[in-house]
Amino acid sequence: MIGIDPSAGMIQQARSSTSKEQYPNVEFHQASAESIPFLRDASTDLVIAGQAAHWFDYPKLFPELKRILRAKGTIAFIGYLDPIFIQCPEATEILKQHAYGDSLGSYWSFPGRAIVEGKLRDIEPPLSDWERIHRIEYEPNVEMPGRGSGTMFLDKTMKIRECMSYIRTWSAVHAWQEAHRDHLRREEGGSGDVVDWMFDEMREAEFAWKIDDWREKEIVVEWPTGLLLGRKR
């Protein structure tokens, strides 16, 4: 099993969290998906991309995947959208307003973000080289856990503070933080950042969140997802 990423920092993090003793068959290389020269022709059975396929240069990607995959080798790309806070419709709507409105809307990278929002439908493997193209999607039902449309892949029960930490991993939030270095999050002693502010609004809107230790409250979170599968001819 070989993991690749163009970021040296991500490769370092992956190596430090993956014990060679526990996972002797796992290795990591800094590389892009469009150029993997250390893999031989027809040497690979499966290529997986998790929340990464929207960054790829497709005219360069698919020839390289065709080269490294064995006959009938498989590609599997999964992308997920913004989390849905189940049974918290007001909080979910506030998150969406901040994510794509004045707060964070201008900080997303396009067209990549639009590809994610479209559940990877815009990614089209060339039919001359790929067959059995299959798409599996899921759209949560904000009112009831596990009752969305399609096949659910990602769900988790999380504390609200964990949700806040997760939102802070967004690339748009990182870009916002770079542009607003004077607005530190409250847990760092600052007056608050964009995530603090949006969750303040959520707490005001959701009656069940109006408790003293509200950040420790657990909620069910589901992610809208798109899975693209294909097989080399």
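Leaving aside neighbours within four places in sequence, Glu-131 is in contact with Lys-72, Gly-230, Arg-231, Lys-232 and Arg-233. Please keep in mind that this is a predicted model. Glu-131 sits in strand β6, which covers residues 130–139. Is Glu-131 buried or exposed? Its relative accessibility is 18%, and the cut-off for buried is under 20%, so Glu-131 counts as buried. For a sense of distance, take His-183, which is 52 residues away from Glu-131 along the chain. The C-alpha atoms of these two residues are separated by 50 Å.

Next, another glutamate. Glu-64 belongs to helix α2, residues 58–68. With a relative accessibility of 12%, Glu-64 counts as buried too. Which residues does Glu-64 touch, apart from its neighbours within four places in sequence? They are Ala-33, Glu-34, Ser-35, Ile-36 and Pro-37.

Now to Phe-85, which is in strand β5. Phe-85 has a relative accessible area of 1%, so it is buried. Again leaving aside neighbours within four places in sequence, the contacts of Phe-85 are Ala-91, Thr-92, Leu-95, Val-142, Cys-163, Phe-199, Met-202, Ile-219, Val-220 and Val-221. One of these is Val-142. Along the chain, Phe-85 and Val-142 are 57 residues apart, while their C-alpha atoms are separated by 6.6 Å.

Cys-163, from that list, takes us to helix α5. In α5, the buried residues are Ile-160, Cys-163, Met-164 and Ile-167. Why do they fall on the same side of the helix? Because they cover an arc of only 100° around the axis of α5. What do these buried residues pack against? The partners are β5 (84–85), α3 (89–100), β8 (155–159), α6 (171–179), α7 and β9 (218–222).

Let me take the pair α5 and α7 in detail. Helix α5 runs over residues 160–167 and helix α7 over residues 194–205. Their axes are 10 Å apart, and the packing angle is about 140°. The two helices are therefore oblique to each other. Their crossing is right-handed. On the α5 side, the residues that meet α7 are Ile-160, Cys-163, Met-164 and Ile-167. On the α7 side, they are Val-195, Asp-196, Met-198 and Phe-199. By type, the residues of this contact comprise seven nonpolar, no polar and one charged.

Helix α7 also packs with α3. Here the angle is about 155°, and the axes are 9 Å apart. How are α3 and α7 oriented to each other? The cut-off for roughly antiparallel is over 145 degrees, so α3 and α7 are roughly antiparallel to each other. This crossing is right-handed. From α3, the residues taking part are Glu-90, Ala-91, Ile-94, Leu-95 and His-98. From α7, they are Met-198, Glu-201, Met-202 and Ala-205. The residues of this contact divide into six nonpolar, one polar and two charged.

To close, back to Phe-85. Among its contacts are Ala-91 and Leu-95, along with Phe-199 and Met-202. Ala-91 and Leu-95 are in α3, and they take part in the contact of α3 with α7, as does Met-202 in α7. Phe-199 takes part in the contact of α7 with α5.

Conventions: Residues numbered from 1 in each chain as written. Predicted model: local features only at pLDDT ≥ 70, side-chain atom pairs only at ≥ 80, totals over all residues. Heavy atoms only, no water. Axes fitted to C-alpha atoms, helices over the stretch in contact; angles between N-to-C directions. Helix = DSSP H or I, 4+ residues; strand = E, 2+ residues; numbered from the N terminus. Parallel < 35°, antiparallel > 145°, perpendicular 65-115°, else oblique. Left-handed = near helix turned anticlockwise from the far one by under 90°. Contact = heavy atoms within 4.5 Å. Nonpolar A, V, L, I, M, F, W, Y, C, P; charged D, E, K, R; others polar. Buried < 20%, exposed > 50% of the residue type's maximum accessible area, 1.4 Å probe, protein only. Arc of directions from axis to C-beta.
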